[in-house]
Amino acid sequence: MTDVIRTHRLTKHYGSQRVVDSLNLRIQRGQVYGFLGRNGAGKSTTIKMLMGMVQPDFGTAELLGEPVENLSPETRSRIAYIAEGHPLYNWMSIDEAVKFNRAFYPQWNDTLIEQILDHFELPRKRKLRRLSCGQRAQVSLALAVASEPELLILDDPTLGLDTVVRRDFLESLIQIIHREGRTILFSSHILGDVERVADRIGILVDGVLRVDCPTDHFRESVKKLVLTFAGPAPEDFSCPGLVQCWNRGTELELVLVGYDDTQRAAVEALGPRNIEVVDLNLEEAFIEYTRGKRRSLPLFAQEVRHAQGTSDQGAA
Amino acid sequence: MQFLCDTTSRVPIYRQLTEQVRAAVARGRIAPGERLPSVRQLSRELVVNPNTIARAYTELERDGVLITQPGRGVFIAELRSDLTKRARQRHLEEQLEQLIVEAVHLGFSAEEFLALTTKRMEQFAFTSPSKSEAST
């Protein structure tokens, strides 16, 4: 069993709106998976279904090989979850929260939590409600990490944190990644952070998993092309893998997924005077990809796992 | 050597790292035999997934810039090339040509171009002529 998270056609409606649409998510042991999507794309709903807090309308989800609706306590103790906004029992002090949490986890690491609390210089006696946003995030990370989880699920953990606390938080994540066999699923809107820590990304668009591939593979596959014409540029253009198309007078700007010879030929057939191919960073690639005309959005997944290399384009 | 990681760059992180190592070697800031931080160390330092660092190191090792000595660490390799002198020269000429095209379009005279090139070359650690001959 190498899939730590596995969902099969997981689906959820809120009213008539399908917020998660037939999601097949598979995350392997040791992977650090960045779960991306715009607000309302279905990330939190998916995570809540994984944690058994929201009932799916259809489909199944398994964590560590067990169905989420009846996880054994033993399996549950191998999973840590940090919910959006770092909810904590506000009436407890930090010390009390540590005592409370450790009771649920047989493999609780006392040394580790001491180290983390010391590292962040957290006031142990202070009530959680009196902590800053950054301190709350640090406490919830410390609590999650001290349970020595095999699987760590974080819902937008760096939301609202200042730059320094965010960096500390990422450093802690890297420390966890260094421990063999740990699997992390985290959602985020900060693409620079995702690029630093995620091996693999998934992008939800309107509840559909449109992208599921290694992080570098996605950014290298999304290209912007600027075509310059002698006269006015064509009004419209279409080819497989086209995400965006803008007419800017004598220029035509295209965003393409999985730029290859077929697309090159289609572009050259327009007869431009010049073709400039522009690389994008992860944030730019994400923006161009997710704000496109949705009906035509090309699916983008790579079946062969762990493949690196830049030539194996997985766009469909 | 100092590594930098810029996530706003359009260059992927692993390639930023390989370029930095190659540049540091070329400028003589790091010499053959010197040790680089381990994958885990650099991952912690840069706050970057260890697999990304490993990918950079693997590529550098493939290109003969680094050698990994199991149990001892990662070291800068002696400069060497498996290609013949002719092949290397052809490669260099291609790169040079692009640069000259750029220089012409930017409106530089041949003298200015040469002077600028000579000046910049001072910052780099070129192989001495005798060694260059020996490696053909």
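Predicted model: local features only at pLDDT ≥ 70, side-chain atom pairs only at ≥ 80, totals over all residues.
**A guided reading of chains A and B**

In chain A, strand S13 and strand S14 (residues 251-257) are paired in the antiparallel sense, with six bridges between them. At one position along the pair, A:Trp246 stands opposite A:Glu253 of S14(A).

The two strands belong to an open sheet of four strands in chain A, whose order is S13-S14-S12-S15 and whose pairing is antiparallel. The edges of this sheet are formed by strand S13 (242-248) and strand S15 (274-278); each has a single partner strand, so one side of each is left without a neighbour in the sheet. Neighbouring strands are turned by 15° against each other on average, direction ignored.

Strand S12 of chain A may be considered next. Seven bridges link S12(A) to S14(A), and the two strands run antiparallel. S12(A) also pairs with S15(A), again in the antiparallel sense, over five bridges. A:Leu227 takes part in both pairings: its bridge partner in S14(A) is A:Leu252, and its bridge partner in S15(A) is A:Ile275.

How many residues of S12(A) are buried? Seven of the seven are, so the strand is largely enclosed by the rest of the structure. The next point rests on a general rule: in a regular strand the side chains alternate between the two faces of the sheet. In S12(A), A:Val222, A:Lys224, A:Val226 and A:Thr228 are on one side, while A:Lys223, A:Leu225 and A:Leu227 are on the other. These residues are all buried, and both faces of the strand are covered.

Helices also lie against this sheet. Helix H9 (residues 261-268) of chain A lies across strand S12 (222-228), S14 and S15 of chain A, and runs at about 165° to S14(A). Helix H10 (residues 282-290) of chain A lies across S12, S13 and S14 of chain A, and runs at about 85° to S13(A).

Is A:Glu288 buried or exposed? Its relative accessible area is 7%, so A:Glu288 counts as buried, the limit being under 20%. Apart from its neighbours within four places in sequence, A:Glu288 is in contact with A:Lys224, A:Val243, A:Gln244, A:Trp246, A:Val255 and A:Leu280. Among these is A:Trp246, the residue that stands opposite A:Glu253.

Attention may now turn to the packing of helices. Two packed helices are described by the angle between their axes and the distance between the axes. Within chain A, the axes of helix H4 (residues 110-119) and helix H5 (residues 133-146) come within 9 Å and cross at roughly 160°. This angle makes H4(A) roughly antiparallel to H5(A). Their crossing is right-handed. On the side of H4(A), the contact involves A:Leu112, A:Ile113, A:Ile116 and A:Leu117, which meet A:Ala142, A:Leu143, A:Val145 and A:Ala146 of H5(A). Classified by residue type, this contact has eight nonpolar, no polar and no charged residues.

A helix pair is also found between the chains. The axes of helix H6 (residues 163-178) of chain A and helix H2 (residues 39-46) of chain B come within 9 Å and cross at roughly 160°. H6(A) is therefore roughly antiparallel to H2(B). The crossing in which H6(A) passes H2(B) is right-handed. The residues that make the contact are A:Ile174, A:Gln175 and A:His178 of H6(A), together with B:Arg40, B:Ser43 and B:Arg44 of H2(B). By class, one residue in this contact is nonpolar, three are polar and two are charged.

Chain B has an open sheet of three strands, in the order S1-S3-S2, with antiparallel pairing. Strand S1 (35-36) and strand S2 (66-69) of chain B are at its edges, each with a single partner strand, so one side of each is left without a neighbour in the sheet. Two bridges join S1(B) to strand S3 (residues 73-76) of chain B, and these strands run antiparallel. Here B:Leu36 stands opposite B:Val74 in S3(B). Helix H3 (residues 50-62) of chain B packs on this sheet and touches S1, S2 and S3 of chain B, with a direction that makes about 110° with that of S2(B).

Finally, chain A may be viewed as a whole. Its secondary structure comes to 10 helices and 16 strands, and 55% of its 316 residues count as buried. The C-alpha trace of chain A spans about 70 × 40 × 40 Å along its principal axes.

Methods:
Residues numbered from 1 in each chain as written. Chains lettered and ligands numbered in written order. Heavy atoms only, no water. Axes fitted to C-alpha atoms, helices over the stretch in contact; angles between N-to-C directions. Parallel < 35°, antiparallel > 145°, perpendicular 65-115°, else oblique. Left-handed = near helix turned anticlockwise from the far one by under 90°. Contact = heavy atoms within 4.5 Å. Nonpolar A, V, L, I, M, F, W, Y, C, P; charged D, E, K, R; others polar. Pairing = 2+ DSSP bridges. Buried < 20%, exposed > 50% of the residue type's maximum accessible area, 1.4 Å probe, protein only.
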